[in-house]
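Visitor: I would like to learn how to read a structure like this one, feature by feature. Could you walk me through it?

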Amino acid sequence: MTKTDYDVIVIGGGSTGTAVARDCAMRGLSTLLLERDDIASATVGTCAGMISSGLKYMEEPDIVDMCSAEVVHFNHIARHIIAKDPILTPMLEMSDLSTGGNFAEEYSKRAAERDVPPVLFLTPEDSLEIEPMLNPEIIASMYFEEFFIDPFRLCLLQALDAQRHGADVKTYTEVTDILLEKGAVRGVKVFDRTTGETSEFISSTIVNATGPWAHKIAALAEAPLELRLNKGAHVILDRRVVNVGIVTKAVDGRMIYLFPHENTVLLGTTALDTWEDPDTLTASHDEIEYLIKSMEWVVPSIRDARIIRTMEGVRPLIATWKVPEDDVTRGYEIVDHKTDGVAGLFSFTGGKLVMCRHMAEAVTDLVCEKLGIESECRTDKEPLPGNEDDVDVLALAEEYGISQHTVERMRARRGTETRDILALTRDHPSWKSTICTCEPVIEAEVRYSLRNEFPQTINDLRRRLRVGTGPCQGTFCTYKVAAILAEEKELDSSVANLELLNYLAERWKGKRPSMRGQQLAQEEVVQGLYACVANLDRVVVNYEPGPWEEDA
Amino acid sequence: MELETDVLVIGGGMAGLAAACSAADAGASVIVVRKGHGATADSSGAIDIAGYLPGGNTPFQSGREGLRAITGLFPYHPYSVLGQESTETGSQFEKALERVEHSVNMLKKWLSGTPAETIGSLERNISAVTVLGTSKPTSLLQKTMLPPDWDDDSILLFEGFAGNPDFNAVLAAKTFMAERARVGEPPKKIADSELTLSPFGKPYNVSPVEIARHLDHPGGTAFLADSLSKDVERTGATHIALPPILGLKTPAENRRILEDRLDVQVFELLSFPPSVPGLRLLRSLDNTLAGLDVRILEAHEAMNYEQSGNRIVRVQCKTHHRSLDILPDSVILASGKFIGGGITGSENGLSERLFGLPVVSEDWTSTDGIRPQRLTRPISINSRGHALFACGVAVDMHLRPLDGSGNTFAENLFSAGSVLAGYNYPVEKSGLGVALATGVFAGTNAAHALQEE
């Protein structure tokens, strides 16, 4: 018998929604999390993963305080998926120098609580020693440190932890209507995108954490909600062009960055007000050139690297108009739609990745108050799965005969789970085989994820494992992963081959806007494998174009 | 250092090697410079002549049918250029067919008795089976890769190897079975199994090249036969499909050992890189060239050239720690497309790397200043293909590249293979076929140009 009644229904499987589900479940509420796609499949999946100490909003001291405290919490609950990166802000002119002062002061005030040094001002010589790829013409640089979290793993771990505390998590379940009764919510109507069935779930409390779709969900309850949607694009390069983060001024004076990320670097972001459906967006040529041109002043060699893809997301900013995007507050708001005549519906606007736990705590307090439950928030105290203990990477690599690099990369996704995954290879030694050579990912982790982390597609596996995210963008792993997916989920061959094409299509979405240089050769290899040799351009006949492929 | 030669071939894939072979056959002295092992070694080894029209879903029954359709529809296709010598209307097909047929016969001769011995013809396309269990039309296959005949009683076993994720027998068998059932043709019974071969020490990250080398060792194939016998017994298999691992040196002999010992028919599937048949093809052609006294300069990249009047007189090559100048009478540009590095592209457009030749699209319209993205479609894998992969240099009827005004760039510069514009090999399934035919023709033309002097 499927459970249909819940204390609270959370809509949206991004950083905020999963954090809310976790908090509600930990406080003993019967909780349902609904996501129309996969966990972390929209805005949060396109961010750089920085749990920022408040770099861009020093004018809002309360928010900087909150961010700094949240960084401390994350380092307590999720240190296994966090890395600390040094960042340089190179200055080419005296005017660059003068803008650094306020930031340095605000940052340094709170540095000690995060266990990082205060902002340092470096000479050109010291700067170049730290990062030789910098433009030698710089006159100084500012040095500070920030923490970066794997945003996919964070959301997934929050969702899994919510499950462990009794929540139900349903992905590929789209809310099509909000049921109302006497000025209050009664539940939701959903469409199961896997089975094609519709059903209803009942709850008097609904948290709308759907980011750039929040106004559309609110509209289902006839509640007004305004957002300022803002598109941000990243360019991803095939190698670590720099080994420390670089923050600099863009052509229009905004701040942009170049962050080392796993085996790649992320160059971002743009900020464009948008009214498009977030599902259809791709990066534009203008955005790509804006970013490269801006970074080229301080990292002159940036064009030598191969652009492997672009990614773009939509920020659900608090509706503030007639100011530049940068001047819109980075705080968040919880809208209680009771005042709109819809009791029991709470919507989020605004917010940042680093605030997701804080946002969850705030809304869960409201939910508990409404339900008359007294329960303390523990999301800042209890570790997320995998962070229970240290992992001896070197010993595990030795024990299983797997490279230290492979095991360390697994550890950075998995923490203590690494041991369980490697243990699978005792019965199945062939599962030590490398499936994704770029990242690298072994077969045991693919199987483990399929059995424990409810992925439905190869793209879902990408979010959980990073398969297909490296320099070859899935050229050499997609067919291997498709076969494992088919085996584990007992898929028909037609479904498996369609799934293979779907993933190639998803990768192509990001690769196509920035095609140039050596990427053209990489793409010829893709066509050579999947069209020329495998004949999939003719064999798979029922391919349905994605929303961004509509004009095809 | 300087070297003189009759013919310099830039590029050592199928097009370059075919050009070198035919120029040497015609009596020219030949040097091949090769940057790396190129796209041919990474190919499945199948020589596709013509499988489909772009956008069409009905495969050609034969290379001949494909040539007729292509030369009739696409005047800028390399096959049409091959048919251009005659000025009579409607005879492009006949001439093209003659030249392609000639090149196929040459290839068969060059590969005769080598590990890449090839069979097939322009009279009937073969439905080759791939590691994904899909089928594709091709014209020529290495002997060990030809799918055997089967009937309603046949049982086909897809055999994979533990720790080699390049081939998943379970999904390949399912995909192949579904297709057979759909068209209502045998075999009607299909099985799959996975073998663990302990001689490799570790049962993971097993490379197909590693297995192939093992089978070439004395006793290696007999051991495989013993290991396979249980699966054959269990499934009652009459036929076995293997990933292409039957050896780099003696694949035919290795197959015979398996077939004799197991009383089954064995064939290899088309695979992705690393591709044992691709390596067999490249090595066999290299050996043929050695027999013709052609020098192959490995790890040499042509960097620059000198022109005198209307002729290329010098090509500067670079290798580790030194450079080398080659003084050729004729030059054949067979440097490939993006994989080979013959064509490069930036956000400002495409260009030919060495001579700076203008790059044109499939209908020979200029791509000058066009961003690569604009030459692609929103859907990655589609039957019409992306114009980007049909871009290359335009040529005259002797395969000499044209400059921006449509004139011959240099009277002694010829070109062949995927550096040419006008064909979209991933969707046409015409890659190695065009490389072979244009290679042979360019080589012959380069050699004839010498005699004319």
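**Reading a turn residue**

Guide: Gladly. H321(B) counts as exposed, because 5 C-beta neighbours lie inside 10 Å of its own and a residue with 12 or fewer is classed that way. Keep in mind throughout that this is a predicted model.

Visitor: Where is H321(B) found in chain B?

Guide: H321(B) sits in the loop between β13 and β14 of chain B.

Visitor: How many residues separate β13(B) and β14(B) in their hairpin?

Guide: There are two residues between these strands, and H321(B) is in that turn. β13(B) pairs with β14(B), residues 322-333, in the antiparallel sense over five bridges. At the bridge of T319(B), the partner in β14(B) is R322(B).

Visitor: Which strand pairs with β13(B) over seven bridges?

Guide: That is β12(B), residues 301-308, again antiparallel to β13(B), residues 311-319. S308(B) stands opposite R311(B) of β13(B). This hairpin has two residues between its strands, and G309(B) takes a positive phi near 60°.

Visitor: Which residue of chain A has a positive phi although it is not a glycine?

Guide: Look at D115(A), with a positive phi of about 65°. D115(A) lies in the loop between α3 (94-109) and β5 (120-122) of chain A. D115(A) is exposed, because 11 other C-beta atoms lie within 10 Å and the class takes in residues with 12 or fewer.

**Cis peptide bonds**

Visitor: Where can I find cis peptide bonds, and what is omega there?

Guide: One of them joins E439(A) and P440(A), with omega about -20°. P440(A) belongs to the loop between β20 (434-436) and β21 (441-442) of chain A. In chain B, the bond from P186(B) to P187(B) is cis, and omega is near 0°. P187(B) has its place in the loop between α6 and β8 (189-195) of chain B.

Visitor: How many helices and strands does chain B have?

Guide: Chain B has 12 helices and 17 strands. Its radius of gyration is 23 Å, close to the 22 Å that the globule rule gives for 453 residues, so chain B is as compact as a globular protein of that length. Taken along the principal axes, the C-alpha atoms fill a box of roughly 70 × 45 × 40 Å. Buried residues make up 57% of the 453 residues in chain B. As for sequence separation, take the contacts in chain B between residues at least 6 apart: 70% of these join residues at least 24 apart.

Visitor: Which residues touch the most other members of the largest nonpolar core?

Guide: In this core of 194 residues, they are A20(B) and I332(B). Helix α12 (residues 431-452) of chain B supplies the largest share of the core, 11 residues. Leaving aside neighbours within four places in sequence, I332(B) has contacts including V7(B), V9(B), I10(B), F414(B), A442(B) and A446(B). A second, separate core has 116 residues, among them V119(A), I217(A), L227(A) and C368(A).

Conventions: Residues numbered from 1 in each chain as written. Chains lettered and ligands numbered in written order. Predicted model: local features only at pLDDT ≥ 70, side-chain atom pairs only at ≥ 80, totals over all residues. Pairing = 2+ DSSP bridges. Helix = DSSP H or I, 4+ residues; strand = E, 2+ residues; numbered from the N terminus. Rg over C-alpha atoms; globule rule 2.2 N^0.38 Å. Buried ≥ 20, exposed ≤ 12 C-beta atoms within 10 Å, placed from the backbone. Contact = placed C-beta atoms within 7 Å. Core = buried A, V, L, I, M, F, W, Y, C linked by C-beta atoms within 7 Å.
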